[in-house]
Amino acid sequence: MTVFHFFNCAILTFGPHAVYYSATPLSEYDTLGTSVKAALVYLGTALVKLVCLATFLNVSENDGFDPYQELLKALIGFIDVAGLYFALTQLTHRNISQNHKFQAVGLGWAFADSVLHRLAPLWVGARGLEFTWDYILQGLEANANLVLSISLAALGSLMWLRKNKPKTLIPIIYACAGIVATMPSITSYLRRGLGWHFPKVVGFELFTSLVMAFISWQLFSACQRPSA
């Protein structure tokens, strides 16, 4: 039963990444190499973030919300944006379209995040003797992170690769990218500042990811239309 629970949680956490790759044109255009490169960039970015967090943040004895510490975390979190910029603009990609490139980068980014932050807790905790919903919720959170990562990659693609985008949409693109990039700080405030429980936070993340995906899709479609 414990192994069955572990595999269920693992499939819920990592399965959507494989489904997204196989069910979209990414598999037809063989963009796996791009996703792997993006995952490696994420790991390097995570290492830089870890060093910065260890250097500039103080270890707090309580689990309360500290605005100063959370502001530092949010600023350090923008290293992810720099990593995405590098993955989208500096890595060599096969001859794939901009549409497929940002999806492949976002997919690799989200998969590396899930492996780094959720694989070990799943392996240690989901095989326990007592059933818990926490790891199912972590799987749902990984799904929300997948959608948010692809949305941020799409917005980054519009910011850095699309030159002829309508000027009226530029502030909206940057504002949406800022919201997605600061989602970890937003959810931290909901947990520690407002005292939200984990299921409620995951529900918020799922809802927000769908909203941001819809907005990103609309923005990407609007920027692809020929200008009058």
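Analyst: Helices (H or I, at least four residues) and strands (E, at least two) are DSSP runs, numbered from the N terminus. This is a predicted model, in which local features need pLDDT of at least 70 and side-chain atom pairs count only at pLDDT 80 or more, while totals for chains, interfaces and linings use all residues. Residues are numbered from 1 along each chain as its sequence is written, and side-chain values use heavy atoms, with hydrogens and water left out.

The unreviewed UniProt entry lists residues 144–161 under "transmembrane region", together with 39–59, 71–92, 168–190 and 202–220. UniProt positions are given in the numbering used here, feature names are shortened, and such annotations may be inferred rather than shown by experiment. Of these spans, residues 168–190 are 87% helix and 0% strand, with end C-alpha atoms 32 Å apart.

Ile179 lies in helix H7. At a relative accessible area of 39%, Ile179 is partly exposed; buried means under 20%, exposed over 50%, and partly exposed in between (1.4 Å probe, protein chains only). Leaving aside residues up to four places away in sequence, Ile179 touches Ile186 and Met212, where contact means heavy atoms within 4.5 Å. Ile179 and Met159 are 20 residues apart along the chain, and their C-alpha atoms are separated by 15 Å.

Gly193 belongs to helix H8 (residues 183–193) and is also partly exposed, at 38% relative accessibility. Its C-alpha atom is separated by 25 Å from that of Leu146, 47 residues apart along the chain.

In H4 (residues 79–89), the buried residues are Asp80, Val81, Gly83, Leu84, Ala87 and Leu88. They sit on the same side of H4 because they cover an arc of only 160° around the axis, taken from the directions from the helix axis to the C-beta atoms.

H5 has another partner, H1 (residues 2–23): their axes come within 10 Å and cross at roughly 170°. Axes are lines fitted to C-alpha atoms, for helices over the stretch in contact, and angles run from 0 to 180 degrees between N-to-C directions. H1 is therefore roughly antiparallel to H5, the term for angles over 145 degrees. Among the residues making the contact are Phe6 and Phe14 of H1 and Leu107 and Trp123 of H5.

Notes. Angles under 35 degrees count as roughly parallel, over 145 as roughly antiparallel, 65 to 115 as roughly perpendicular and the rest as oblique.
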